Amino acid sequence: MPQTLFDKIWDAHVVNRIPDGPDQLYIDRHYCHEVTSPQAFEGLRRRGIRVMRPERTVCSPDHNIPTINQDQPIADPVSRNQVDTLTRNATEFGVTLYGLGHPKNGIIHVIGPENGLTLPGQTLVCGDSHTSTHGALGAVAFGIGTSEVEMVLASQCIIQPKPKKMRITVDGTLRHGVTAKDIALYIIAQMTTGGATGYFVEYAGEAIRALSMEERMTLCNLSIEMGARGGMIAPDEKTFEYVRGREFAPKGDDWDKALAYWRTLHTDEGAVFDREVRFDAADIEPRITYGTNPGMGIGITESIPAPDPSDEQGRISFEKALDYMGFKVGQNLIGTPVDYVFLGSCTNGRIEDFRAFAGFVKGCRKAPGVTAWLVPGSWNVDRQIREEGLDKILAEAGFELRQPGCSACLAMNDDKIPAGRLAVSTSNRNFEGRQGPGARTILAGPLVAAAAAVTGCITDPRTL
């Protein structure tokens, strides 16, 4: 029978299938950070058991770490305790740790692919919802809860119901100035934040195949924001060239064997999905959000729409979101003053994002009154920025680089947007208080962020 890409990988990793129940799934790669792992390691400690396959787990602190003065002790006692606890647990249980100050340290969803730890055909989990990022390499990758983190540490397996399958096809060619982030925000707005609940999504089509590997990671990263269990893209020659030569990628004969297998990882002709959705790339322009979830988004030239009058509960939620943001139905946001700009996160903290931002601001100056936090996703990204001279371009335009970490994506470290301030952020969520108590967040791609940084307001990057 013809199989989907998802079925091929999932079924190959089933250890035991419970009749009318979930599957016991073997996990190839497990990532840990400091937020969701402490209770899991403590659970092992209470039960007197070890990590079953420590070589399969890689840890890196990212959420709580500061993005300045990383050579000094972490000032915040809660953050310091979480990072120190991860260090103790990794040491005690013998798992790999790329701790603060390590050259491989960074956001876990950035360092996995860039080091060749994430590979096509893997099953991969982390106690973090944006684990879907790794699906860009043709892996079944999804976030798990703390009790499931303990389960994987103890057994290298997880109990999971098999999700339904959805294929989202984006055909055609993207217009000038449209990025992978814009594709993702467009799809989420069309699907709504619950439109893919219960599904694992495969992205396909001409516009998807044209994306670079880092752009594919951005797209898959945001799959969770429409309720999907995960997102993935079939590996192709771009994928293989991206993986080739990376530190933990197969070498020699092992590479040849792996490549032969990876070439089978595609959806067969005639394979059936539970749901098919199609979009036209020509309909997508640079996007921004206007509310308090990623689905409340518009094209940058559009105005805020009215809520559905037939959905009373939805209308109340919609009005609450607009009140929080300080916007009104019918308002066009172009020209709206901006206080903060954030470039970074596991969504847009890779070298291509910094190339795009630096290329846009070259020859310009940061607008007075705008605070810009430019945060590489890893120390490897930081090294590339400096090797390519992007740091000099940014400095000449009035910008400074911070040190790697999750930073202003979420209010778990010192990089918090003050209450009432408006931020254009390349991160993945815009919930109330996500970037700090009372902070207001507009999600956008790196080009829209760059345009806001040099003009001081929401600006269509295609007009500059």
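These legends accompany several close-up views of one predicted model. Residues are numbered from 1 along each chain as its sequence is written, and side-chain values use heavy atoms, with hydrogens and water left out. Because the model is predicted, local features need pLDDT of at least 70 and side-chain atom pairs count only at pLDDT 80 or more, while totals for chains, interfaces and linings use all residues.

**View 1. Cysteines without a disulfide.** The structure holds zero disulfides, a disulfide being a pair of cysteine sulfur atoms within 2.5 Å. For C126, the closest cysteine sulfur is that of C32, and at 6.6 Å it is too far for a bond. C126 is buried, with a relative accessible area of 0%. Here buried means under 20% relative accessible area, exposed over 50%, and partly exposed in between, using a 1.4 Å probe and protein chains only.

**View 2. Helix α1, largely enclosed.** Helix α1 spans residues 5-12, and six of its eight residues are buried, so the rest of the structure largely encloses it. The buried ones are L5, F6, D7, K8, I9 and W10. Helices (H or I, at least four residues) and strands (E, at least two) are DSSP runs, numbered from the N terminus.

**View 3. The largest nonpolar core and I168.** A nonpolar core is a set of buried Ala, Val, Leu, Ile, Met, Phe, Trp, Tyr and Cys residues joined through side-chain atoms within 4.5 Å. The largest one has 68 residues, and those touching the most other members are F142, I168, I187, Y203, L219, M226 and W262. Helix α6 (residues 180-191) supplies the largest share of this core, with seven residues. A second, separate core of 59 residues includes I298, F357, A358 and A372. Contact here means heavy atoms within 4.5 Å.

**View 4. Helix α13 against α16.** Helix α13 (residues 351-361) packs on helix α16 (residues 446-455) at an angle of about 35°, and their axes are 9 Å apart. Axes are lines fitted to C-alpha atoms, for helices over the stretch in contact, and angles run from 0 to 180 degrees between N-to-C directions. The crossing of α13 past α16 is right-handed; a crossing gets that name if the near helix is turned clockwise from the far one by less than a right angle, and is left-handed if anticlockwise. On the α13 side, the contact is made by D353, A356, F357, F360 and V361, and on the α16 side by P446, L447, A449, A450, A451, A453 and V454. Sorted by class, this contact has eleven nonpolar, no polar and one charged residues. Ala, Val, Leu, Ile, Met, Phe, Trp, Tyr, Cys and Pro count as nonpolar, Asp, Glu, Lys and Arg as charged, and the others, Gly among them, as polar.

**View 5. Helix α13 against α14.** Helix α14 (residues 379-387) packs with α13 at an angle of about 35°, with the axes 9 Å apart. The crossing of α13 and α14 is right-handed. Here I351, F354 and R355 in α13 meet V381, Q384 and I385 in α14. By class, the contact of α13 with α14 has four nonpolar, one polar and one charged residues. Within α13, the buried residues are I351, D353, F354, F357, A358, F360 and V361. Following α13 comes G363, with a positive phi near 85°.

**View 6. Two loop residues with positive phi.** D20 has a positive phi of about 55° although it is not a glycine. D20 sits in the loop between β1 (14-17) and β2 (23-26), and is exposed, with a relative accessible area of 92%. S407, likewise a residue other than glycine, has a positive phi near 55°. S407 lies in the loop between α15 (390-396) and β17 (422-425), and is buried, with a relative accessible area of 0%.

**View 7. V35 and its neighbours.** V35 belongs to the loop between β3 (29-32) and α2 (38-47), and is partly exposed, with a relative accessible area of 22%. Not counting residues up to four places away in sequence, V35 touches H63, N64, Q82 and M412. The C-alpha atoms of V35 and N64 are separated by 8.0 Å, and the two residues are 29 residues apart along the chain.
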